[in-house]
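Q: I would like to learn how to read the features of a protein model one at a time. Please give me the general idea first and then the case at hand.

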Amino acid sequence: MKKTHVKTNDVIFQPVTKVVAFIIIIYSLHLFFSGHYTPGGGFIGGLMTAAAFVLLLLAFDVKTVEKTLNVDYIKMTATGLLIAVLTGLGSFFYNVPFLTQTFSYVDIPLLGKTALATAVLFDLGVYLVVIGVTMTIIQTIGETE
Amino acid sequence: MSYLHLAILAPLLFSIFIPFFYKIFRRIHTGWFVLPLPIILFIYFLTFIPITSNQKTIIESLNWIPSLGINFTAKVDGLGLLFALLITGIGALVVLYSIYYLAKDKEKLNTFYVYLLLFMGAMLGVVLSDNLIVMYAFWELTSFSSFLLIGYWYERDKSRYGAQKSMLITVFGGLAMLCGIILLYIMTGTFSITEIVPQSNEIFHHALFIPALLCILLGAFTKSAQFPFYIWLPDAMEAPTPVSAYLHSATMVKAGIYLVARFTPVFGESSVWFWLVAGVGMITLIWGSVFAVKQTDLKSILAFSTVSQLGLIMSLLGVGAAALHYEALDDNIFTVATTAAIFHLINHATFKGSLFMAAGIIDHETGTRDIHKLGGLMHVMPITFTISMIGAFSMAGLPPFNGFLSKEMFFTAMVHVTEMDIFNLETWGVLFPVIAWFASVFTFIYCMILVFKTFMGKYQPEKLGKKPHEAPIGMLISPIILVSLVIIFGLFPNLLSDSLISPAMAAVLPSLLQVGGVFEVHITFWHGLTIELFMTMGVIIMGLILYKTYPKWKKIYKAIPEKLSINGFYDGTIERSQSVSNKLMNMNMNGSIRSYLAYIFAFLIIILSTTLIWKNAFKLDTSNVSSIGVYEVVLAIFVMVGSISILFVKSRMTSIILLGAVGYTVSLFYVLFRAPDLALTQLVIETISVALFLVCFYHLPKLRKFETRLTFKLTNALISFGVGAVVTAIALSAHSNKLFSSISQYYVENTYEEAAGKNMVNVILVDFRGFDTLFEITVLAIAALGIYSMIKLRLNRGKEG
């Protein structure tokens, strides 16, 4: 992330990034949601999403990405941790041990019979923490002189 | 809580109020408030005499830690009462003396009397406790309060040196004693002396008998300044004189004597006990008296004489223990040693206390204690002269003072040793009277030096710091009382025999008494023309000759090199232990992380490999090994080549890339071993960490960036090879030693049924073992926050510029 004074014109890189970043994000969401059934899950999904952000950082400069995404990654980390803990605490309301996960099959219009599991909520926490952590590290190091 | 407990704890409780007296009543000397307490306690303890002289003991118990068998049991028997009377009686006299000795406007009287009362209470606790742990607690309190008292003038170097020395030596002995107490507890299952004494026969045949005996004796010898631990006592003379008179002549140094007397019924049957107690006492006796002659400082002479007299009492106790071997009491001539020990204990407290006080008066009124500067004070200080003379003559063993009687009895006991037929005494016993006689000659010489060099001879007022004059009457009261006791006990020795000595003997030698029996103690002034009388006459004649010729032969002392002395050894040991530990620390704690890693890995290798060999755990079992495919071999070669070449490449960039290559190969391994989740994660993480390595590499300072190959060091190579070998060996034997089948079958069966998932890895991560994951993401969050704060938060950025 070396700053150059001469502004180069990344005519090919930037448009390609605009397309590819979305594909990566969608793929990462796929990895995240399908984690319970196929390889994937919160961890690798979060890393993939972070990779898409990093791609944006490479193609554009730090300020542009910050303005576009407008995310405080430290808060994101905290939110992720909070969600993970809350899913665990939720089990107390049903008088079962901490972090007991449950699931049920629900008929949702358009999607049909779908399994909704609280484990996915926990995974969401993992997902957010991983994005937050990766982006915090990369952005902090990138911003230093 | 009985009155007895209250009496023991009274000095400790009273010490709390001393600072208040000091602050509120500034015009009255604080000592006046302290004085009534020891007097009341003395009178209180006097009331026990009728009880103990009927051979009865009083035991009062107070629960402290009953679950551990530690209770504050106070016991008054003849021995304890004798010491309690000494402590409170001389304590009262010392407090009275200190009121006139310490000026109320110059000294910090509040601390002085607090320490003194702490000491008094501790000492009472030592002699009146039946429980050994409680006794040990009080014992250490005497060490601490004595440390504080010696260092009372803490702005002086010598006081601090003396305090530290006495602390190190007495606490060393105290800890040894604690070991002895614990060993006794292991043997008997009780901390109570009263319960231990009847078991002495079982203890005698126990394997731990000798270690316990040595530990207890170590405690007694260090406290009572026996050879070679006497060295702290002369340096403790930096304390104020009332302290020297109280602690270092009458009470604390006799704590070891008390201990030996107390444990005689337990250990006394052993020949080791006899030879150690009597032998060390003899050595201390002769050593202390010979070196006392050399000293030129009044208090140093008294310190060495205390050492010598303590040796005398100790040797008498040792010889007295031998009486346990002779059954018939009627003609048991050996109990005279114990009688002499107890009698001399009382006598020594009286005359040594008065001598110290007299020395303090001389110091106070003339400004010096150096016998070269003193002289001709007889006419200036007639009362002090009389006191010193009586005290010194009693110490020398001249009639009609009490020292004469105890010295006669000492000679009697030593002569009887030659008649004993145990412990090789038929041959070696003759040494005892000979050493005793020589030591007495030297005792006579230093007593004469003490009196005549100070009070006779040329009066040299120009050398003295002040214009000398007689001490105020208040300062003289205490030594006068003590010397009158010297004379009274000398003329009427049987005043004490039934009331104090006989009950004390019953406590030291209980097994010699029949039920209801009493030791017949009869001290006579004149027992006819016996060998002891001739020995005393020899002592006087020889002593006079040697004293007259002293200037001619005192050069002999100079021939003894300073380095060989025990003080030199002590100082050297202290210095060497500091420099050696310093060197040792500097050698292994060199601040280099490289060497610490070498230690850690070396110990890892040593511990793990010895365990493997010692437990015979290494095992190779190939029955449970799957076949090896081509892909695995290829990938393994990749990893091996990658890792080994990292060691040999010159450029850091290359090693980063090689590391990445190894990481990607590992992810291929995951693919090969069917771990898609791991493979995905490994790929992404490896990419990120290689990128971070590159960032680090990019920011390396230009100066240090020169590219070198890793230098070869044999130890490093050996250690890394060893770690690899040990870990491989453990991995192989762990695989070959599988004792239980895996629990993974449960996950396979229940992943879908219980957790509605088909990706077993993910289900384990978020559902079965979600707790771990929760904290792993916490670790990640902490890492991110750490990096963020390390980079953003630079408090010293401004200073560095």
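**Helices, interface and backbone**

Q: What hand does the crossing of α5(A) and α35(B) have?

A: A crossing is left-handed if the near helix is turned anticlockwise from the far one by less than a right angle, and right-handed if clockwise; the crossing of α5(A) and α35(B) is left-handed. This is a predicted model, in which local features need pLDDT of at least 70 and side-chain atom pairs count only at pLDDT 80 or more, while totals for chains, interfaces and linings use all residues. Residues are numbered from 1 along each chain as its sequence is written, chains are lettered from A and ligands numbered from 1 in the order in which they are written, and side-chain values use heavy atoms, with hydrogens and water left out.

Q: At what angle do α5(A) and α35(B) pack?

A: Helices (H or I, at least four residues) and strands (E, at least two) are DSSP runs, numbered from the N terminus, and axes are lines fitted to C-alpha atoms, for helices over the stretch in contact, with angles from 0 to 180 degrees between N-to-C directions. Helix α5, residues 118-143 of chain A, packs at about 20 degrees against helix α35, residues 770-792 of chain B, with the axes 9 Å apart. The two helices α5(A) and α35(B) are therefore roughly parallel (under 35 degrees; over 145 is roughly antiparallel, 65 to 115 roughly perpendicular and the rest oblique).

Q: Which residues of α5(A) and α35(B) meet?

A: Contact means heavy atoms within 4.5 Å, and among the residues that meet are F122(A), V126(A) and I137(A) from α5(A), and L774(B), I777(B) and Y788(B) from α35(B). By class, this contact of α5(A) with α35(B) divides into 15 nonpolar, four polar and two charged residues, where Ala, Val, Leu, Ile, Met, Phe, Trp, Tyr, Cys and Pro count as nonpolar, Asp, Glu, Lys and Arg as charged, and the others, Gly among them, as polar.

Q: How much area do chain B and chain A bury between them?

A: Buried area is the accessible area (1.4 Å probe) that two parts lose on being put together, summed over both, and here it comes to about 3300 Å², 77% of it on carbon and sulfur atoms. Of the area that chain B buries against chain A, A756(B), V766(B) and I777(B) supply 17%, more than any other three residues. The contact takes 37 residues from chain B and 36 residues from chain A.

Q: Which residues does a cis peptide bond join?

A: Most residues other than glycine have a negative phi, and most peptide bonds are trans. The bond joining F227(B) and P228(B) is cis, with omega about -5 degrees, and P228(B) lies in the loop between α12 (209-223) and α13 (232-235) of chain B. In chain A, N70(A), which is not a glycine, has a positive phi of about 50 degrees, and N70(A) lies in the loop between α3 (62-69) and α4 (73-93).
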